[in-house]
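Subject: Structure for you to look at

Hello,

I am handing over the structure we spoke about.

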Amino acid sequence: MENPGRSAKPFAAAAVVVVVAAALFLVFGRGGTPGDASPEAGFARDMATHHAQAVEMSFIIRDKSESREIRSLAFDIINTQANQRGMFLGWLQQWGLSPVGEQRPMAWMTGHGHGGTPAEPGVMPGMATAAELTRLKELRGTQAEVLFLQLMTRHHEGGVQMAEGLLKLSDREEVAGMARKIVTGQAGEIKLMTDMLRHRAAQPLPSLLK
């Protein structure tokens, strides 16, 4: 007489294979391209949003500051991050993915940590609040420049955290290469903005980086 338990084993094994295959498809998609739940897709979506706010803040200060160095910095951020944002959205299109995923922001880093602390889904590090953006629009002169530099320094620190987080999770050439550029470029601008604050007798906000 056939053992019922033995005959059920192939079906159980097949079910496991199906579940694993479905999970791999979500992460890697077709032909090895990143899937909807992959770190690469999450990074591209979140960084596109993150960059959009940096561009917004830079336009605000560019249109009100009379400082040549502030306007030059704002111009560089606008051009660099707008171009990078276009690349993030282009990757998603190339991978056949929506620019807006079903997962909450930063879910791709959950459990992996950023800046030495666990990633919190739904919260992108370094983002300015609505109240901070309103205040930036209202201030004038040196006060506006100081707040911009403080907010953008913190914003860059958040971008560095996200890029470093991606490098721990992915070695996909184009995405990892961009993440390394973000770490290097924004770290350099953090130093520049810290010096600009010092020249205005001001200090950065508490650092996000450990």
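The model is predicted. The average pLDDT over the chain is 86, and 80% of the residues score at least 70. Two stretches need to be read with that in mind. Residues 10–31 stay under 50 in pLDDT, and in the model they have 16 contacts beyond four places in sequence. Residues 113–118 are also below 50, with twelve contacts in the model beyond near neighbours in sequence.

Overall layout

The chain has six helices and zero strands, which read along the sequence as α-α-α-α-α-α. Of its 210 residues, 41% are buried. Among contacts with a separation of 6 or more, 72% are between residues 24 or more positions apart.

Helix 2 has 24 residues and spans 34 Å from its first C-alpha to its last, close to the 34 Å expected at 1.5 Å a residue. How much of helix 2 is buried? The count is 19 of its 24 residues, so helix 2 is largely enclosed by the rest of the structure.

Helix 6 covers residues 173–199, which makes 27 residues. Its first and last C-alpha atoms are 39 Å apart, close to the 39 Å expected at 1.5 Å a residue. The buried residues of helix 6 include Val-175, Ala-176, Ile-182, Val-183, Ile-190 and Leu-197. Gln-186 and Glu-189 are also among the buried residues of helix 6. Which elements cover this buried set? Helix 2 (39–62), helix 3 (68–94) and helix 5 (141–169) are among those that do. After helix 6 comes Ala-201, which has a positive phi, near 55°.

Glu-145 is in helix 5. Is Glu-145 buried or exposed? The cut-off for buried is under 20% relative accessible area, and Glu-145 counts as buried because its relative accessibility is 9%. Leaving aside neighbours within four places in sequence, Glu-145 is in contact with Ile-61, Ser-65, Glu-66, Ser-67, Ile-70 and Arg-200.

Beyond four places in sequence, Ser-67 is in contact with Glu-145 and Arg-200.

The largest pocket

Rolling a probe the size of a water molecule over the atoms shows where empty space is left. The largest pocket found in this model has a volume of about 250 Å³. Which residues lie nearest its centre? They are Arg-45, Asp-46, Pro-99, Val-100 and Gly-101, out of a lining of 16 residues. Helix 2 and helix 3 are the elements that give two or more residues to this lining. Helix 2 gives the most, with five residues. By type, the lining of the largest pocket divides into eight nonpolar, four polar and four charged residues.

Regards

Methods. Residues numbered from 1 in each chain as written. Predicted model: local features only at pLDDT ≥ 70, side-chain atom pairs only at ≥ 80, totals over all residues. Heavy atoms only, no water. Helix = DSSP H or I, 4+ residues; strand = E, 2+ residues; numbered from the N terminus. Expected span 1.5 Å × (residues − 1). Buried < 20%, exposed > 50% of the residue type's maximum accessible area, 1.4 Å probe, protein only. Contact = heavy atoms within 4.5 Å. pLDDT = per-residue confidence, 0-100. 1 Å grid on protein atoms, 1.4 Å probe; cavity = no way out; pocket = protein on both sides within 12 Å on 5 of 7 lines; lining within 4 Å. Points joined across faces, edges and corners; volume = space filled by probe spheres on them. Nonpolar A, V, L, I, M, F, W, Y, C, P; charged D, E, K, R; others polar.
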